[in-house]
Amino acid sequence: MSDSTSNAIDWEDAYREDGDFDGAPPWNIGEPQPELAALIAAGEVHGTVLDAGCGHAELSLALAARGHTVVGIELTAAAVAAATRAAQDRGLSNATFVQDDITSFTGFDGRFDTIIDSTLFHSLPVEGRDGYQQSVHRAAAPGARYYILVFAKGAFPAEAQHTPNEVDEAELRAAVGKYWEIDEVRPAFIHANMPEGPDAPMQLPPHDHDDQGRMKMPAFLLTAHRAD
Ligand SMILES: C[S@@+](CC[C@H](N)C(=O)[O-])C[C@H]1O[C@@H](n2cnc3c(N)ncnc32)[C@H](O)[C@@H]1O
C-alpha cells in the first residue's frame with residue numbers, strides 16, 4: 001500500500017538526470033495530457049490560468065501559445081527552471097513559473113479564471129488535500145472553473161509501495177466539494193510512459209496503450225466552479 005501521509009515520490013529526485021527516472025519521469029509526455037488538450041480544443045479554458053503543480057509545464061506552454069496568461073506553481077526548483085527555459089525558448093512571455101507549495105501558497109487572491117490540475121491531486125499526501133483546496137479556491141476569481149485529472153483506484157497494484165494517492169469518486173467529491181461546486185466527475189485516462197516488462201520496478205495491471213505506445217491509466221476528470 002502507498003503511504004498516504006507522505007509524498008509518493010521524491011519530486012526533486014524525479015527531475016534529476018541522475019535520479020530514479022534518468023531525467024525522464026513517466027508523466028513528461030512532451031505535450032499536455034490528451035484529456036486536457038481536448039478541453040482546450042473545445043474552448044473550455046478561459047482567461048488567466050493557474051497550472052497547479054505544473055512540472056515541465058507543457059500544459060502552461062500550450063495555453064500560453066494560445067494567448068492565455070498562465071502561471072505555473074510548482075514545488076521543485078528543477079522543474080520551474082526547465083519550464084521557465086522552455087517559455088523563453090518559445091518566446092512565451094505570458095507564461096511564468098513560481099516555486100511554491102500548492103498546499104499553502106498565497107499572493108494570487110481572486111486572480112485565476114481557470115485552474116487546471118494535471119495529475120497533481122494524487123501526487124499530494126492525503127493530509128495536504130484540504131490546504132490545497134483552500135489555496136486554489138482563494139486564488140480563484142468568482143465563477144472560475146477548476147479541472148482535476150487524477151488517477152482512479154486500480155491504476156496501480158493495491159499492494160505496491162510509493163505509488164500515487166489514487167482516488168475513488170466519493171473521496172474526490174468530498175475533498176473538492178467542501179470548497180467548490182462540482183459540475184461533473186467522469187472516467188478519463190492519464191497517458192504515461194510507464195516502465196514495462198520483467199525489469200520494471202512494479203508489474204502494473206493490464207492497461208491499454210495509446211497509438212504512441214503510452215499507457216492509458218484509469219483516471220477521473222473533475223469539473224467544478226467557484227460559486228461564491
Ligand atoms: C505527476 S507530476 C505532474 C506534472 C505536470 N502537471 C504534468 O502534467 O506533467 C506532479 C507534479 O506536482 C509537483 N508537486 C508535488 N507536490 C507539490 C506541492 N506541494 N506543491 C506544488 N507542486 C507539487 C511535483 O513536483 C510534480 O512536478
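The model is predicted: local features need pLDDT of at least 70, side-chain atom pairs count only at pLDDT 80 or more, and totals for chains, interfaces and linings use all residues. Residues are numbered from 1 along each chain as its sequence is written, and side-chain values use heavy atoms, with hydrogens and water left out.

**Annotated region**
- An unreviewed UniProt entry lists residues 49-143 as "domain: Methyltransferase"; such annotations may be inferred rather than shown by experiment.
- Over residues 49-143 the chain is 34% helix and 26% strand, where helices (H or I, at least four residues) and strands (E, at least two) are DSSP runs numbered from the N terminus.
- The end C-alpha atoms of residues 49-143 are 13 Å apart.

**Ligand surroundings**
- Around the ligand there are 17 residues, each with a heavy atom within 4 Å of it.
- Tyr 15, Gly 53, Glu 74, Ile 102 and Ser 118 come nearest to the ligand.
- By class, the shell has eight nonpolar, six polar and three charged residues; Ala, Val, Leu, Ile, Met, Phe, Trp, Tyr, Cys and Pro count as nonpolar, Asp, Glu, Lys and Arg as charged, and the others, Gly among them, as polar.
- An oxygen atom of the ligand lies 2.6 Å from a polar side-chain atom of Tyr 15.
- A nitrogen atom of the ligand is 2.8 Å from a side-chain N or O atom of Asp 101, and a ligand nitrogen atom is 3.2 Å from a polar backbone atom of Leu 75.
- The protein covers 94% of the 590 Å² of accessible area that the ligand has on its own, as computed by the Shrake-Rupley method with a 1.4 Å probe.

- Leu 50 has Val 71 as its bridge partner in S2.

- Strand S4 (residues 112-118) and S5 pair in the parallel sense over six bridges, and Thr 114 has Arg 145 as its bridge partner in S5.
- S5 is largely enclosed by the rest of the structure because nine of its 12 residues are buried.
- Asn 165 is found in the loop between strand S5 (140-151) and helix H6 (169-177).
- Asn 165 counts as buried because its relative accessibility is 4%.
- The side chain of Asn 165 reaches the backbone oxygen of Leu 124 at 2.9 Å.

Methods
Polar contact = N/O pair within 3.5 Å; in protein donor to acceptor, adjacent residues only side chain to side chain. Pairing = 2+ DSSP bridges. Buried < 20%, exposed > 50% of the residue type's maximum accessible area, 1.4 Å probe, protein only.
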